[in-house]
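Please read it alongside the sequence and the structure shown below.

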Amino acid sequence: MFSTKEIANVTGGELVGGSVEVTSVSTDTRTLEKGALFIAVKGERFDGNDYIKQAAENGAAAAISDLAAGTVKTHIPVVYVKNSRTAQLKLARYYRDKFGVKLCGVTGSVGKTSTKDMVSAVLSAKYNTLKTEGNFNNDIGLPKTLFRLGESTEAAVIEMGMSDRGEISALSGAAHPNCAVITNIGFCHIENLKTRENILAAKLEILDGMDEGALIVCGDDEYLGKLTSEDIGGRKLIRYGLSNDCDVWAEGISLNENGGKFTLRYGDTSYKASVPVMGEHHILNALAAFCVGIEFGMAPKEIIPAFMNYESSGMRQRIELRENNIRVILDCYNASPTSMKSSLSVLGAVKTEGRRIAVLGDMLELGEQSKALHAGLAEFAEEYADMFFLYGREMKALRDELTKRGAKVFHSENKQELTELLLNGIKSGDAVLFKGSRGMKMEEIAEKIK
């Protein structure tokens, strides 16, 4: 895979010890393979430098450290760098460029993961495709995905997340994408970035690692829809959406519990298409994936059937039938005003013999706009749910607005108390949506419904 001499050259580090070959890369002493390079990264709750000795004992062949040169007492070679996380990104780019894969980068305020999964489903119909797993979309996780590239890999779909400026630029620099998708510009991380214009600028950093290639954006988004090719340095710009102003668009949409059917329009041609999941946003994901497939040399007849191979990751709009015919919609990975509305629309469309109940937790990281954005969900939410159970301090604003409208609302900042209220209120045949930011851990309430 690498020699320690190569690693020092790529990262600009100082090698102490002999030049040895490493066969894999790891940041975790518990799972590293014998012969691995151990990269001592610093996280919020740990410092990898404290584990270099353990890594060596577990079979690591070499390490990267950002301590002062020569300070690590170990028998394995160590490459000393200024910053281990930056060094890992440089090494990942070096490794990625060994392979001529077709690589698509995906970012956006919401829908990154579901779009990534749909793009992967499409590309996998023709290519051996690698994709980001779980939430490995930051400067520690993304390199781990790139290090999984191999001689048999033909395509890759890499998700890129961020909370501030400069982060996607670094990720894109490592991934070196051949094309990129931006799903939307919402309110996630507005606490740090202050305005949606700043969020747009941060998302556009995905272009920083691209030599050339198309930028694929949702033309329905009020910010992305206004972009021109000149705004992105003359690059090819492809728009998808529900408007015929887009390059690829959907019409004749029909949604039910089993998924959605629509007509995909591309140029002068129409294609009948289906997705196996409920929600209009999944049709948008399919349109984005269609655009990527076309850019990567696939024919429409290869792409359209592949939409049905889509499988959602983790706790993203998973529908389960529990005892007493209670239908649970689990969407607990993250939350923003946009994704809240998407999930509520799914609740409104699901078949049920009883009531539609929304169990909603705080949307986090909305900063000064949090109260207004929570309260602003009321009109939309009231249309799709019969009863609300709200958890968290920020949800007070939605509670107050729904109460004004005469909705049936229960609220608590105590999870156990809210869980008991829900269990006492739920009845056979009800459909129940669980949605909230990851930090609210709404699945802990859902688990109580057996």
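Strand S11 (residues 179-182) and S12 run parallel and are joined by 3 bridges. Strands count as paired if DSSP finds at least two bridges between them; helices (H or I, at least four residues) and strands (E, at least two) are DSSP runs, numbered from the N terminus. The model is a predicted one, in which local features need pLDDT of at least 70 and side-chain atom pairs count only at pLDDT 80 or more, while totals for chains, interfaces and linings use all residues. Residues are numbered from 1 along each chain as its sequence is written, and side-chain values use heavy atoms, with hydrogens and water left out.

- S12 is also joined to strand S13 (residues 237-241) by 4 bridges, and these two run parallel.
- Valine 217 in S12 stands opposite isoleucine 182, and its bridge partner in S13 is arginine 239.
- In a regular strand the side chains alternate between the two faces of the sheet.
- Strand S12 (residues 215-218) is covered on both faces: Leu215 and Val217 on one side, and Ile216 and Cys218 on the other, are all buried. Buried means under 20% relative accessible area, exposed over 50%, and partly exposed in between (1.4 Å probe, protein chains only).

**Aromatic pairs**

- The structure holds 10 aromatic pairs. Rings of Phe, Tyr and Trp (its six-membered ring) pair if their centres lie within 6.5 Å; planes under 30 degrees apart count as stacked, over 60 as edge-to-face and the rest as tilted.
- Phenylalanine 2 and tyrosine 95 form an edge-to-face pair, because their ring centres are 5.8 Å apart and their planes stand at 70°.
- This pair links distant parts of the chain, with phenylalanine 2 in strand S1 (residues 2-3) and tyrosine 95 in helix H3 (residues 84-96), 93 residues apart.
- Phenylalanine 2 is buried at a relative accessible area of 0%, and tyrosine 95 counts as buried at 9%.
- Phenylalanine 380 and tyrosine 384 form a tilted pair, 4.8 Å centre to centre with 45° between the planes.
- Both of these residues, phenylalanine 380 and tyrosine 384, lie in helix H13 (residues 378-384), 4 residues apart, or about one turn of the helix.
- Phenylalanine 380 is partly exposed at 23% relative accessibility, and tyrosine 384 is partly exposed at 23%.
- A cluster linked by ring pairs is made up of Phe2, Tyr94, Tyr95, Phe99 and Phe147.

**Charges over rings**

- Lysine 144 lies over the face of phenylalanine 136, 5.2 Å from the ring centre. A charge sits over a ring if NZ of Lys or CZ of Arg is within 6 Å of the ring centre and within 35 degrees of the ring normal.
- Arginine 196 has its charged end over the ring of phenylalanine 187, at 4.7 Å from the centre.

**Positive phi angles**

- Lysine 194 is not a glycine, yet has a positive phi of about 75°.
- Lysine 194 is in the loop between helix H7 (190-193) and helix H8 (196-203), and is exposed, with a relative accessible area of 57%.
- Asparagine 324, a residue other than glycine, has a positive phi near 60°.
- The loop between strand S17 (318-322) and strand S18 (326-331) holds asparagine 324, which counts as exposed at 55% relative accessibility.
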